[in-house]
Amino acid sequence: MGDVVKFKRLSVAERYKGKTLCDSGFHKWEVRKDQQFDVKQGRLMTIYQCKHCAKTKSKAL
Ligand SMILES: [Zn+2]
């Protein structure tokens with residue numbers, strides 16, 4: 001009877017940890033007008049910013 005805690009239930013926040021979780025649930029991404037040039041990849045990146053927490057992410061065009 002030692003495996004009772006084998007499947008520890010994770011909260012939603014824990015399950016989505018490191019993904020797109022915002023203070024209010026999910027990020028609301030908005031494309032920012034300004035674009036950024038990624039030196040490493042050598043191409044333009046689109047910048048997204050969350051309306052709720054102002055976190056940013058970038059995506060290659
Ligand atoms: Zn957010």
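1. Tyr48 stands opposite Lys57, a residue of strand β5. The model is predicted. The two strands concerned, β4 and β5, pair in the antiparallel sense, with five bridges between them.

2. On the other pairing, β3 (residues 29–38) and β4 (residues 43–50) are joined over seven bridges, again in the antiparallel sense. Within this pair, Glu30 has Gln49 of β4 as its bridge partner.

3. Taken together, the three strands make an open sheet in the order β3-β4-β5, with antiparallel pairing. β3 and β5 (56–60) are at the edges and have a single partner strand each, so one side of each is left without a neighbour in the sheet. Averaged over the sheet and with direction ignored, neighbouring strands are turned by 30° against each other.

4. Burial in β3 deserves a remark. A residue counts as buried with 20 or more other C-beta atoms within 10 Å of its own. None of the 10 residues of β3 is buried, so the strand lies largely in the open. For the chain of 61 residues, the buried share is 2%.

5. Among contacts in the chain with a separation of 6 or more, 19% are between residues 24 or more positions apart.

Technical notes
Residues numbered from 1 in each chain as written. Predicted model: local features only at pLDDT ≥ 70, side-chain atom pairs only at ≥ 80, totals over all residues. Buried ≥ 20, exposed ≤ 12 C-beta atoms within 10 Å, placed from the backbone. Helix = DSSP H or I, 4+ residues; strand = E, 2+ residues; numbered from the N terminus. Pairing = 2+ DSSP bridges. Axes fitted to C-alpha atoms, helices over the stretch in contact; angles between N-to-C directions. Contact = placed C-beta atoms within 7 Å.
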